[in-house]
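Please keep the sequence and the model in view while reading.

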Amino acid sequence: MSQNIIEKLLKQVSLYFSSSVIITLAGFITFPIWTRVFSAAEYGKMSIAAATLGFVIVISKMGINSAALRFYSEFA
């Protein structure tokens, strides 16, 4: 039984790890393209927009993921 759990764990880890690697590689590939296509001012505006969007996403979640995990057993 523990062997089955370990195999399932390794499968899940490999899926999440491979997706993280693909996203990181996409960033390395697109970064030089963005810097050549945009001027410094346009790249700055894009960076401000990305930072603002990231901040808004963090604020909008307001810990819902942690709360759902914490209180799941009470509602299950």
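I33 is placed in helix α1, where helices are DSSP runs of H or I with at least four residues, numbered from the N terminus. The model is predicted: local features need pLDDT of at least 70, side-chain atom pairs count only at pLDDT 80 or more, and totals for chains, interfaces and linings use all residues. Residues are numbered from 1 along each chain as its sequence is written, and side-chain values use heavy atoms, with hydrogens and water left out.

With a relative accessible area of 49%, I33 is partly exposed; this term covers values between buried, under 20%, and exposed, over 50%, with a 1.4 Å probe and protein chains only. I33 also belongs to a nonpolar surface patch of about 920 Å², which L9, V13, F17, V21, L25, F28, I29 and V37 make together with it. Patch residues have over 30% relative accessible area and no salt bridge; like charges are joined within 9 Å, and nonpolar side chains (Val, Leu, Ile, Met, Phe, Trp, Tyr) within 5 Å. A salt bridge is a side-chain nitrogen of Lys or Arg within 4 Å of a carboxyl oxygen of Asp or Glu. Accessible areas come from the Shrake-Rupley method with a 1.4 Å probe, and for residues only the protein chains shown count as cover.

S20 is found in helix α1 as well, and it is partly exposed at 42% relative accessible area. Between the C-alpha atoms of S20 and L53, which are 33 residues apart along the chain, the separation is 20 Å.

How far apart are the end C-alpha atoms of α1? They are separated by 52 Å, which agrees with the 52 Å that 36 residues should span at 1.5 Å a residue, the expected span being 1.5 Å times one less than the number of residues. At T30, α1 bends by about 30 degrees, and the proline P32 follows within four residues; the bend is the angle between axes fitted to the seven residues ending there and the seven starting there.

Two aromatic pairs are found in a search of the whole structure. The rings of F31 and Y43 form an edge-to-face pair, because their centres are 6.2 Å apart and their planes lie at 70 degrees. Rings of Phe, Tyr and Trp (its six-membered ring) pair if their centres lie within 6.5 Å; planes under 30 degrees apart count as stacked, over 60 as edge-to-face and the rest as tilted. This pair links distant parts of the chain, with F31 in helix α1 (residues 2-37) and Y43 in helix α2 (residues 40-61). F31 is partly exposed at 44%, and Y43 is partly exposed at 24%. W34 and F38 form a stacked pair, 5.2 Å centre to centre with 5 degrees between the planes.

Technical notes. Helix = DSSP H or I, 4+ residues; strand = E, 2+ residues; numbered from the N terminus.
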